[in-house]
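Hi everyone, thanks for having me. Have a look at it first.

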Amino acid sequence: ALDDVSFKVWPGAFTALLGANGAGKSTLLSLITRLFDTGVGKISIDGKSFKEDGAKALGPLGVVFQQTTLDLDLSVRQNLKYFSRLRGMSSKFANQRIDETLSSLEMLERIDERVRDLNGGHRRRVEIARAMLHKPKLLLLDEPTVGLDIHTRGVIVDHIHKLAKEENIAVLWTTHLMDEIWDEDNLIVLDKGRIIEDGS
């Protein structure tokens, strides 16, 4: 699925991975997040690789998958609290981060609503809040605006660009939509499993 793919994602920068459906974008993210494994090559996150450092290498990673992974029968708060426990966060720090991340996404007033009752755009904001709870150094988003209306897409794209700069996070955003990429972004073009362009 991938052939000689090599690139870097920098702190404070929004890096867009652009490619048509089937180009290998989701496969690449599955390798980075360890859903898939490969016997060749090396993937490092903040200087650590899974082969050498085990699960600790995934600690600085925040992920928003293409398919929703929220528990629809739990409230927004319950989903985020559950994730914070999995991350080993203290209750006090988790509550603070939940309020901060939801506020930044204009979702705090929906904290006690069931996820099932939220529309697609609001569910996606909850997933972004969840990915940001532990203050990751690298944020991966796999086509996070699929199925959303134009206004909601714009709000989320703007928010992630702002996060990259203000929080000095390395962002890797996969998409097949040109209008989600800004002029100042880093751009990697993937075609049939190969990088054909890597630059600005």
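Let's start with Ile-160, which touches Phe-14, Ile-128, Leu-139, Leu-141, Val-171 and Trp-173, leaving out residues up to four places away in sequence. By contact I mean heavy atoms within 4.5 Å. Before I go on, this is a predicted model, where local features need pLDDT of at least 70 and side-chain atom pairs count only at pLDDT 80 or more, while totals for chains, interfaces and linings use all residues. Residues are numbered from 1 along each chain as its sequence is written, and side-chain values use heavy atoms, with hydrogens and water left out.

Back to Ile-160. Together with Val-171, Ile-160 has the most contacts inside the largest nonpolar core, a group of 37 residues. A nonpolar core here is a set of buried Ala, Val, Leu, Ile, Met, Phe, Trp, Tyr and Cys residues joined through side-chain atoms within 4.5 Å. Buried means under 20% relative accessible area, exposed means over 50%, and partly exposed is in between, using a 1.4 Å probe and protein chains only. Helices (H or I, at least four residues) and strands (E, at least two) are DSSP runs, numbered from the N terminus. Another core, of 14 residues, lies apart from that one, and includes Ile-45, Val-63, Ala-170 and Ile-188. As a general point, nonpolar side chains tend to be buried together in soluble globular proteins.

Thr-175 sits in strand S6, and it counts as buried because its relative accessibility is 2%. Its side chain makes a polar contact of 2.8 Å with the side chain of Glu-180. A polar contact is a pair of N or O atoms within 3.5 Å; within protein, one must be able to donate a hydrogen and the other to accept it, and residues adjacent in sequence count only if both atoms are side-chain atoms.

Leu-35, on the other hand, is in the loop between H1 and strand S2 (44-45). Is Leu-35 buried or exposed? Its relative accessible area is 56%, so Leu-35 is exposed. Leu-35 touches Ser-30 and Phe-65, again not counting residues up to four places away in sequence.

On a 1 Å grid over the protein atoms alone, a cavity is a set of points where a 1.4 Å probe fits but cannot get out, and a pocket is an open set with protein on both sides within 12 Å along at least five of seven lines; lining residues have an atom within 4 Å of a point. Grid points are joined across faces, edges and corners, and a volume is the space filled by probe spheres set on the points.

The largest pocket holds about 830 Å³. It is lined by 28 residues, with Phe-7, Ile-32, Lys-42, Ile-43 and Ser-44 closest to its centre. H1 gives the most to that lining, three residues. The second largest pocket is about 420 Å³, and here H3 has the largest share of the lining, with four residues. Finally, how many cavities of 30 Å³ or more turn up in the whole structure? The search finds one.
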